Amino acid sequence: MVFKRMLVSGGKSFLRGGAVSAATVVIMTVTLAIIGSLIFLSALLTFTLNTIKDKVDVSVYFVTSASESDILAVKSQLEKLPQVANVTYTSSDEALTAFRARHATDQLTLQALDELGGNPLDASLEVRAKDTSEYESIVSFLEASPALSSGGTSIVDRINYSQNKEVIDRLSLAIQATREVGFAVVILFAIASVLIAFATIRLAIYVAKDEIAVMRLVGASNMYIQGPFIVTGTITGVLAALVVLLLLWPASWYVGTKTISWFGGFSVATYYADHFLLVFGIILVSGIVLGAAASILAIRRYLQV
Amino acid sequence: MIYFDKVTKRYGDIAALEDITLSIAPKEFVSIVGHSGAGKTTLLKLLLAEERPSDGNVFFESIDVNDLPSSALHHYRRKIGMVFQDFRLIPNKTAYENIAFAMEAGGRTDEEIASDVPYILELVNLADKAKHFPDQLSGGEKQRIAIGRAIINQPELIIADEPTGNLDPINTYEIVEILKKINELGTTIVITTHNKGIVDAIGKRVITIDRGRLVRDDAEGRYVL
């Protein structure tokens with residue numbers, strides 16, 4: 001009965017609050033939108049980092065005289081290493097076919113290739129590690145491995161790791177830095193907007209401080225006074241969350257179509273559609289917690305009468 | 001019923017009340033009179049436990065009001081109906097809801113509320129304004145709603161702090177008549193005022209306070225200052 005009365009009373013005062021209620025919802029909407037953008041930014045950065053990590057591999061090129069069985073022996077040894085995710089073998093014929101396909105429109109290169117005669121391309125193994133930090137140890141394993149030599153001469157032509165290493169390191173560093181700075185900025189924005197939301201709710205409750213004093217004098221318990229304010233705060237949070245979730249559909253679609261190529265295939269709209277429940281949950285819970293917590297904190301000081 | 005035992009209340013160095021000893025019996029109608037700033041409102045605040053005395057004790061029945069913990073205050077206050085000079089209605093609740101709120105706060109059932117509130121609205125002659133918000137009511141109407149709220153839980157005591165301070169003579173007369181009727185039905189009433197006409201019209205016990213001290217206590221008094 002008490003709970004039902006708090007719900008009814010909180011709902012009524014939200015509806016009767018008019019402009020004050022509307023203003024609180026708007027402020028809360030901005031706060032939740034910022035929290036929402038934090039989710040998207042985090043997803044985008046993770047996606048970019050993973051995409052780049054996926055592009056990182058170590059290619060081992062073998063001399064043209066190396067036999068396929070020797071190369072496959074190296075491959076199976078590599079696959080036994082715990083830090084290796086997978087190893088792909090490309091024979092010199094496959095490398096040639098791929099090269100021709102890649103340069104199909106480039107007649108000059110193809111003519112040069114034809115003039116060389118035979119197949120100048122090496123067979124290779126592309127090694128992908130489970131984590132980018134493991135490449136170092138894989139390379140040292142390869143360099144020390146006796147399987148790489150056949151009859152005293154190395155069958156390895158070159159390992160391209162050190163050529164890529166600098167680029168990989170720099171890119172990882174750049175992504176890491178972007179991630180940290182991006183998060184710091186968004187978290188700052190989130191904190192600022194949370195504070196503004198708190199201040200707005202406090203202001204709304206400040207308007208009601210005389211009313212709270214009267215409730216105390218009429219004999220209402222603290223819990224009974226607080227209840228409707230918490231309900232009002234929660235309604236504000238839920239409404240703001242719904243507004244944000246609704247606005248995110250057209251917004252993510254628009255941003256998604258404009259930026260999909262820019263973000264290297266990451267579509268904000270697809271992410272939103274695929275992770276709707278997650279985004280819905282985070283925004284709704286943030287709204288409810290913000291609204292209720294701000295109300296509880298704001299009203300406490302007026303309950304001393 | 002009410003007993004002030006050598007009560008002093010100081011705000012900083014200034015004593016708002018000094019060494020007040022008085023007792024009020026059940027069913028009495030007591031007017032507390034004095035100039036503005038004499039300490040009348042402070043006396044009522046001590047009784048409501050809105051303020052704590054600097055010295056002395058305030059008793060309500062067997063309860064030492066000073067000893068009440070904050071968590072028990074609301075139970076205590078349900079025994080008392082309050083009427084204020086500025087009405088203090090809840091602005092975003094209708095007349096009906098303002099009166100019902102006191103019952104809800106006291107944990108009464110929906111059925112009790114549905115039967116008692118219309119009855120009280122009839123009693124204060126405002127049944128047709130049940131759905132009006134306070135800002136749609138006149139001063140006299142607001143005060144009648146406030147009285148309705150004060151009596152709805154059938155308290156043993158009604159405290160009215162300058163209840164007619166903001167009202168014209170006709171409304172003042174109506175409010176006094178309502179309070180007298182409530183008193184005749186057995187409720188103790190303590191009213192503060194500096195309106196000579198009211199005190200003389202009531203013609204009951206008058207306690208006079210001047211600069212924080214109790215200077216007169218007459219069983220069938222008049223306003224003498």
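Author: Two strands pair if DSSP finds at least two bridges between them. Strands (E, at least two residues) and helices (H or I, at least four) are DSSP runs, numbered from the N terminus. The model is predicted: local features need pLDDT of at least 70, side-chain atom pairs count only at pLDDT 80 or more, and totals for chains, interfaces and linings use all residues. Residues are numbered from 1 along each chain as its sequence is written, and chains are lettered from A in the order in which they are written.

Reader: What makes S9(B) and S10(B) a pair?

Author: Pairing takes at least two bridges. Strand S9 (residues 205–210) and strand S10 (residues 213–218) of chain B are joined by 5 bridges. They pair, and they run antiparallel. In S10(B), Asp217(B) is the bridge partner of Ile207(B).

Reader: How many residues lie between the strands of this hairpin?

Author: The hairpin has 2 residues between its strands. Arg211(B) takes a positive phi near 45 degrees there.

Reader: Which residues of H4(B) are called buried?

Author: Buried means that 20 or more other C-beta atoms, placed from the backbone, lie within 10 Å of the residue's own. Ile113(B), Val117(B), Ile120(B) and Leu121(B) are buried. Their cover includes helix H3 (95–105) and helix H5 (139–151) of chain B.

Definitions and conventions: Buried ≥ 20, exposed ≤ 12 C-beta atoms within 10 Å, placed from the backbone. Contact = placed C-beta atoms within 7 Å.
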